[in-house]
Amino acid sequence: MPSRFPGAMTQDWEPVVIHKSKPKAQDLRDPKAVNKALRSGAPVETIKKFDAGSNKKSSSAAAPVVYARKLDEGTEPAALEKVPVEVRQAIQKARLGKKMSQAELAKQINEPPKVVQEYENGKAVPNQAVLAKMERVLGVKLRGKIGK
């Protein structure tokens, strides 16, 4: 009968050493790990990071301090422009002239009824694409100079 293991059988008697993986940096910063190291007497290093936890930078002659709020105020207008009164009245007059409701106009221009309502109340910020759709459906000029 043939043997299962051809050749001489040998055993490997060399020891196998399994090493623990090194702790990750995040685990070393864990408060539990720091307290454990302090209790056991292991050296613990603390480093104060420069400007840690503050949003302000030191004022030096090389780089003047620029605050984000001042930067925003300087580049953006205070308020967005709303729909002018002439445009509001032109939309209402043309819509009522065609005997349409705000919902019907909104459906024809593929916009929610709230958009038409905001344009007629003057609360909307003018969008050229929406005004173009309204011009097409109502047959009235809404962009450019109106009545001038």
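Modeller: Contact means heavy atoms within 4.5 Å. This is a predicted model, where local features need pLDDT of at least 70, side-chain atom pairs count only at pLDDT 80 or more, and totals for chains, interfaces and linings use all residues. Residues are numbered from 1 along each chain as its sequence is written, and side-chain values use heavy atoms, with hydrogens and water left out.

Biologist: Leaving aside neighbours within four places in sequence, which residues is R95 in contact with?

Modeller: M100, S101, Q102, L105, E120 and L138. R95 sits in helix α4. Helices are DSSP runs of H or I, at least four residues, numbered from the N terminus.

Biologist: Is R95 buried or exposed?

Modeller: Buried means under 20% relative accessible area, exposed over 50%, partly exposed in between (1.4 Å probe, protein chains only). R95 has 10%, so R95 is buried.

Biologist: At what angle do α4 and α6 pack?

Modeller: Axes are lines fitted to C-alpha atoms, for helices over the stretch in contact; angles run from 0 to 180 degrees between N-to-C directions. Helix α4 (residues 85–97) and helix α6 (residues 113–121) pack at about 125 degrees, axes 7 Å apart. R88, I91, Q92 and R95 of α4 meet Y119, E120 and N121 of α6 in this contact.

Biologist: Where does α7 come in, and how do the axes of α4 and α7 cross?

Modeller: Helix α7 covers residues 128–138; its axis comes within 10 Å of that of α4, crossing at roughly 35 degrees. On the α4 side, V87, I91, A94 and R95 make the contact; on the α7 side, L131, M134 and L138. The C-alpha atoms of R95 and M134 are separated by 9.4 Å, though 39 residues apart along the chain.

Terms used. Helix = DSSP H or I, 4+ residues; strand = E, 2+ residues; numbered from the N terminus.
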